[in-house]
Amino acid sequence: MKWIAAMTMATQIASAAVGVTANAQTAPALTPQQKHELSTYNFKGAEAALEAQTNEPASKPSPLTPIPPLKVPLVVNRNVPVQNASAQSSPAGAPADKGSEVPLNWRPPHAELNAAAVSAAEVSRQWETGVATPTPGADGRVVYIFGQGMPVMVCAPLRVCAIELQAGEHLESQPQIGDSRRWEITPVLSGSGLDETPLLIVKPIEAGLETDLIVSTDRRTYVFRLISDPTRFVSRLAFQYPGEDAAKWAAFEIHQAAAKRDAEAVAEQAREKDKRAGVVPMAENALDNLYFDYKLSGDAAYRPQQVFDDGQHTYLIYPNDGRFRELPTLLIQVNGKSELVNFRVDGSRYIVDRLFNKAILVVGVGKKQTRVTITRATPYSGSTGKRS
């Protein structure tokens, strides 16, 4: 009876292993190898083990002879032909396949991309794989133009590589890297004040790595490609900023325009002041028309140090010693007659708003009158003020 019970149990195990479905479909046929294993199963040994387990007192556990394992057929896909089931079994000499916990009809998840997503991925791929040409910079820098392609930082194990950002730029948050386990990113600062420059120190743990790095600052967002090579590396990577250069030129032009407006306002105020004081502005070509050939005669104590004209005005220069207790009277000779002419005093300068060929400075009256005669060596041509 015990033999019959063991055989019945083995038959039930074999039936359960072939996987009768809820639809009660026909179970797959056994392979020749599986039939052979069933025919050679040691049912007597299994019976003896069961009997020993039954007779053994529960309070005295002892090592028992294990029941020989029964190899049952694996559950196979019913859509696969029976002749292919044997091909799925383990090859000779290999450990027996214990099956898998993954469902038979399981497929990995897959997201379908529409046309817009495919196009966006292609645009990003072109930018990432495009050649961003680096150029040599000062102090060993490898310089990229910001925004023109994806910059590549190449570093090697046991090396320290630095990414240099713009002076005065500030990190907004911690840099984000795709492989944080095998890459080390450490921020440091160089300089101080407005020239303080942030640096990112890059160190790979091993060679043959590739990942990406995103750095967010208060001015822009950087995206880097990081590659670790056994021997080659870039010590220092920096950027040029075309947008910043354009902004600097725009600011310079605004500053120039503001300075020009300020200068014009100051000049206009000076012109208004001279206008209120009755000052005639100097001609634009006055320096080209300066004339100094004047002859002086009379009392040396009242002679000007220098007399010259600019084609429109005549200037009498006196030493700043306060020699006049009263201003002299200036008379000019016109067609043999003397005419009184007014002049302005600007410090030690006496300015006459016209040209003349001959003039007389008169100080005092009567017998105490002092005269100084001023004669132009080259006469000018009448009222135009031009030399003849």
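I took two strands as paired if DSSP finds at least two bridges between them. Helices (H or I, at least four residues) and strands (E, at least two) are DSSP runs, numbered from the N terminus.

The model is predicted: local features need pLDDT of at least 70, side-chain atom pairs count only at pLDDT 80 or more, and totals for chains, interfaces and linings use all residues. Residues are numbered from 1 along each chain as its sequence is written, and side-chain values use heavy atoms, with hydrogens and water left out.

Entry 1, four-stranded sheet. I read the order of this open sheet as β3-β9-β8-β5, with mixed pairing. I then followed β5 to β8 (residues 210–216): two bridges, antiparallel. Ile 177 is set opposite Leu 213 of β8.

Entry 2, six-stranded sheet. This sheet is also open and mixed, and I noted the order β1-β2-β10-β4-β7-β6. Its edge strands are β1 (135–136) and β6 (183–190), each with pairing on one side only. β1 runs antiparallel to β2 (residues 142–145), with two bridges between them. Opposite Pro 136 I found Val 142 of β2.

I looked up a nonpolar patch of about 300 Å², made by Leu 287, Leu 290 and Phe 292. Leu 287 sits in the loop that links α6 (242–277) and β11 (294–298). Its relative accessible area is 67%, so Leu 287 counts as exposed (over 50%; buried is under 20%, partly exposed in between; 1.4 Å probe, protein chains only). Patch residues have over 30% relative accessible area and no salt bridge; nonpolar side chains (Val, Leu, Ile, Met, Phe, Trp, Tyr) are joined within 5 Å, like charges within 9 Å. A salt bridge is a side-chain nitrogen of Lys or Arg within 4 Å of a carboxyl oxygen of Asp or Glu. Areas come from the Shrake-Rupley method with a 1.4 Å probe; for residues, only the protein chains shown count as cover.
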